[in-house]
Amino acid sequence: LAVGALVGSQLQRSALVVSLFADGTLVCRRPIGALHTRADRVQRTTRSVLNRSGRRTPIVLHTMDGSVLLTHGPDTVAEMMAAIRGR
């Protein structure tokens, strides 16, 4: 039961769509609601504490306004972070 609750909470925090707009607005849409922030408020990415398999996903995107899980592939996450840092 505890494992199911943990997996469910992870899925609710996972970003389904991440959008970076020309004005620097970053919107991460997730099942529990969207996280709206700005590209300059992104602090870092880390591996999820639940990721013990050695793979690089999920990645946690930390911002000053909250965090989301990115279940995208490592190349996509690297490309996303390059776009955010390039703002």
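This is a predicted model: local features need pLDDT of at least 70, side-chain atom pairs count only at pLDDT 80 or more; totals for chains, interfaces and linings use all residues.
Before we look at the sheet, a definition: two strands are said to pair if DSSP finds at least two bridges between them, and the strands themselves, like the helices, are DSSP runs numbered from the N terminus, with at least two residues (E) for a strand and at least four (H or I) for a helix. In general, strands of a sheet pair through backbone hydrogen bonds, either parallel or antiparallel.

Residues are numbered from 1 along each chain as its sequence is written, and side-chain values use heavy atoms, with hydrogens and water left out.

Let me start with the open sheet, which three strands form in the order 1-2-3 with antiparallel pairing. Its edges are strand 1 (17–20) and strand 3 (35–38), each of which pairs on one side only. From one strand to the next the twist averages 15 degrees, where axes are lines fitted to C-alpha atoms, for helices over the stretch in contact, and angles run from 0 to 180 degrees between N-to-C directions. Strand 1 and strand 2 (residues 25–29) are joined over four bridges in the antiparallel sense, and in that pairing leucine 20 stands opposite leucine 26.

Leucine 26, then, belongs to strand 2, and its relative accessible area is 0%, so it is called buried; that word means under 20%, whereas exposed means over 50% and partly exposed is in between, with a 1.4 Å probe and protein chains only. Although leucine 26 and arginine 38 are twelve residues apart in sequence, they are 5.1 Å apart in space, C-alpha to C-alpha. If we leave aside its neighbours within four places in sequence, leucine 26 is in contact with residues including Val18, Val42, Leu61 and Ile84, contact meaning heavy atoms within 4.5 Å.

Now to the loop between strand 2 and strand 3, where we find arginine 30.

Serine 67 brings us to strand 6, where it stands opposite histidine 62. Strand 5 and strand 6 (residues 66–70) pair in the antiparallel sense over five bridges, and a hairpin of two residues joins them. On strand 5, Ile59, Leu61 and Thr63 point one way and Val60 and His62 the other, and all are buried. Strand 5 also pairs with strand 4 (residues 42–47), again antiparallel and over five bridges.

Finally, histidine 62 sits in strand 5 (residues 59–63) and has a relative accessible area of 18%, which means that it is buried. Its side chain makes a polar contact with the side chain of threonine 46 at 2.8 Å; such a contact is a pair of N or O atoms within 3.5 Å, where within protein one must be able to donate a hydrogen and the other to accept it, and residues adjacent in sequence count only if both atoms are side-chain atoms.
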